[in-house]
Amino acid sequence: DSGDYDLAMFSLEQHCRLLVKYYLFYLDGTYPRTHSLTQLLRELAKHNEGVSQLLHGESYLYVTKLEDAYVASRYIPREYNREEVGPTLRFVKEVFDPVVQQAGRA
């Protein structure tokens, strides 16, 4: 609500990346040292095929948007707005989190 959409998008990316790393560490005892959310998801998909759905279709567009938010926060300033952050937040809550958490229970 404060209008700090750049920080919100960066925080969503951090949440997603750290969640995947947590489950990879839980399952494997380690995780790839990368900032690539897609690479981390590919690793997690080795434990649970359901994770692959995040790497296709509309879900993949959101995942790459989240990856881009990390790059933008570090190297190329980009301003996000409510119209981008709102749907991305819904995706994270309703799709990403449940899929990743289910994979972590495998």
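A polar contact is a pair of N or O atoms within 3.5 Å, and one such pair opens our tour of this predicted model.

**View 1. The start of helix α4.** Here a side-chain oxygen of N81 comes to within 3.0 Å of the backbone nitrogen of E83. Helix α4 itself covers residues 82-104.

**View 2. The length and bend of α4.** With 23 residues at 1.5 Å a residue, α4 should span 33 Å, and its end C-alpha atoms are 31 Å apart, which agrees. Follow the helix along to V92, where α4 bends by about 40°.

**View 3. P98 within α4.** Setting aside neighbours within four places in sequence, P98 is in contact with V92 and K93. L41 is 57 residues from P98 in sequence, and their C-alpha atoms are 14 Å apart.

**View 4. The buried residues of α4.** Among the buried residues of this helix are T88, F91, V92, F96, V99, V100 and A103. Their cover includes α1 (5-28), α2 (37-45) and α3 (57-74).

**View 5. The largest nonpolar core.** Of the 29 residues in this core, V20, L41, L54, F96 and V100 touch the most other members. Helices α1, α2, α3 and α4 each supply at least two of the core residues, and α1 gives the most, with 8. Take a closer look at V20: leaving out residues up to four places away in sequence, V20 touches L37, L40, L41, L44, F96 and V100.

Methods: Residues are numbered from 1 along each chain as its sequence is written. This is a predicted model: local features need pLDDT of at least 70, side-chain atom pairs count only at pLDDT 80 or more; totals for chains, interfaces and linings use all residues. Side-chain values use heavy atoms; hydrogens and water are left out. Helices (H or I, at least four residues) and strands (E, at least two) are DSSP runs, numbered from the N terminus. Contact means heavy atoms within 4.5 Å. The expected span of a helix is 1.5 Å times one less than its number of residues. The bend at a residue is the angle between axes fitted to the seven residues ending there and the seven starting there. Buried means under 20% relative accessible area, exposed over 50%, partly exposed in between (1.4 Å probe, protein chains only). A polar contact is a pair of N or O atoms within 3.5 Å; within protein, one must be able to donate a hydrogen and the other to accept it, and residues adjacent in sequence count only if both atoms are side-chain atoms. A nonpolar core is a set of buried Ala, Val, Leu, Ile, Met, Phe, Trp, Tyr and Cys residues joined through side-chain atoms within 4.5 Å.
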